[in-house]
Amino acid sequence: MTSTGMLAVALVGVIAAVPGSTAAAPAGPAAPAPSATTTVTVAASADTFVAADAPTRNHGTADHLTVDRTPAKIAYLSFVLSGLTAPVTRATLRLHTRDTANAASPAGGKVAAVTGTGWSESATTYRNRPAVAATALATVGPVSRNRWYDLDVTAAVVRDGTVSLAVLPTHDDSTYFDSRDLPGLAPRLVVTTTAPSTTVDPVLLAAGDIADCASAGDEATAALLDTLDGTIAAIGDTAYLEGTAEQFARCYAPSWGRHRSRTRPAVGNHEYRTPGAAPYFAYFGAAAGEPGKGYYSYDLGQWHVVVLNSNCTIVSCAAGSAQERWLRADLAADTSSCTLAYWHHPLFTSATNHSGATATRPLYQALYDDRADLVLTGHNHNYERFAPLDPQGRLDTGRGMRQFVVGMGGASHYPFGAVHPHSEARNATAYGILRLTLRSGGYDWLFVPEAGQSYTDAGSAACRS
């Protein structure tokens, strides 16, 4: 191609598709999903130029595209885009100047959208050239020989289909670009799409009193975990009866153990039947907190999660104890809008096997003082949900915390006795998982029963702070 003409480039083949980087979500805490960015580079499917001094001549087979003002020469390019599934955030036209002395020019021209239709590489001439938009998309500026030039043509690229562009002259000194007849130097369109960022609310899956080799209940709840995404809160008494290394290997590992990488446990009383709960800390490693303490915290989305040790005769829960002071300092340092805590022994319960663990009240008080939202416990082998309560068990809908007992992980079932006045839901016959969706500013709860059981409990609430 030689004189000024319309350059229409149709990009038919994808030269490269480069997905944008995405960070893998950690096993457990669901995180904000990053924007999905994809870049595709498409080669010209058609190009030509037209010349005023040869008005009926077609230049579709030329290995170059000429742009000139006198006599007028205009280049045309056409690109065919397909498979764009997200909004276009950037489109760049790339043109390469010829490696000849006459390719340089003080002004390489300007790019505009082609508004006319029906032109072809093999039939377009100056006389039948398609119309071009009056407003330029980009200006080339000075050009040198044998160089690539990138032009922002985002405004002309919206969706799948044919994109036709023209390179118009802005100077009397000719500019020569390579055409698609030179594949490695052919005009190309680089298109970047970005899917809108979405936020995935983190999920916490909670249950305690889990694996006993004499019960099939833990296999039933582990089967639920196989189908549920989220971080797992194993709320104590994870391996019966003594939490030995052998019981972890034989009873816990075959069921809930396959989800160990996303489990953040709390230590129960049965783990301490083996001195220092040593097999428990060895099995879960750093995820269980420091051996000898068993309390720690982590974040899930906009939520702060505190895991405490309610074996208060071993690790004191008293006001002023190391654990209680750590808890208050941890809460004071946190800036999350919502907070939940879990430990093994419930402060409030309607079950008959174990009464409320009043020794945990200072921990509840510290959380209450910080306007925390939720407390999850186990120990009694059933499910119970309470209304928001203050540390004395009085209804407090303004700043009270909602406590769940989630001891239905699979070990056995405990019956209820006298019902606590602020108990709102109870079940003592179904193993299951409490699924908490931790939204920004609130939460949703759902009791998911084992296969064959129909009991469920669901609801939503806002955070206190």
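Q: Which residues do ring pairs link into a cluster?
A: This is a predicted model, where local features need pLDDT of at least 70, side-chain atom pairs count only at pLDDT 80 or more, and totals for chains, interfaces and linings use all residues. Residues are numbered from 1 along each chain as its sequence is written, and side-chain values use heavy atoms, leaving out hydrogens and water. Rings of Phe, Tyr and Trp (its six-membered ring) pair if their centres lie within 6.5 Å; planes under 30 degrees apart count as stacked, over 60 as edge-to-face and the rest as tilted. Linked that way, the cluster's members are Trp 303, Tyr 383, Phe 404, Tyr 443, Trp 445, Phe 447 and Tyr 455.

Q: What is the angle between the planes of Tyr 383 and Phe 447?
A: Both residues are buried (under 20% relative accessible area, with exposed meaning over 50% and partly exposed in between, using a 1.4 Å probe and protein chains only). Their ring centres are 4.8 Å apart. The pair counts as tilted, and the plane angle is 45°.

Q: How many residues apart are Tyr 383 and Phe 447 in the chain?
A: Tyr 383 belongs to strand E20 (residues 383-386), and Phe 447 to strand E24. Those labels are DSSP runs numbered from the N terminus: helices (H or I) of at least four residues, strands (E) of at least two. So what separates the two, by the numbering, is 64 residues.

Q: Which strands are the edge strands of the open sheet of five strands?
A: Strands pair if DSSP finds at least two bridges between them. Here the order is E15-E14-E23-E24-E25, with mixed pairing. Pairing on one side only are E15 and E25.

Q: How far from the ring centre of Tyr 368 is the charged end of Arg 399?
A: A charge sits over a ring if NZ of Lys or CZ of Arg is within 6 Å of the ring centre and within 35 degrees of the ring normal. Arg 129 does this over Tyr 126, at 3.8 Å. For Arg 399 over Tyr 368, the distance is 4.5 Å.
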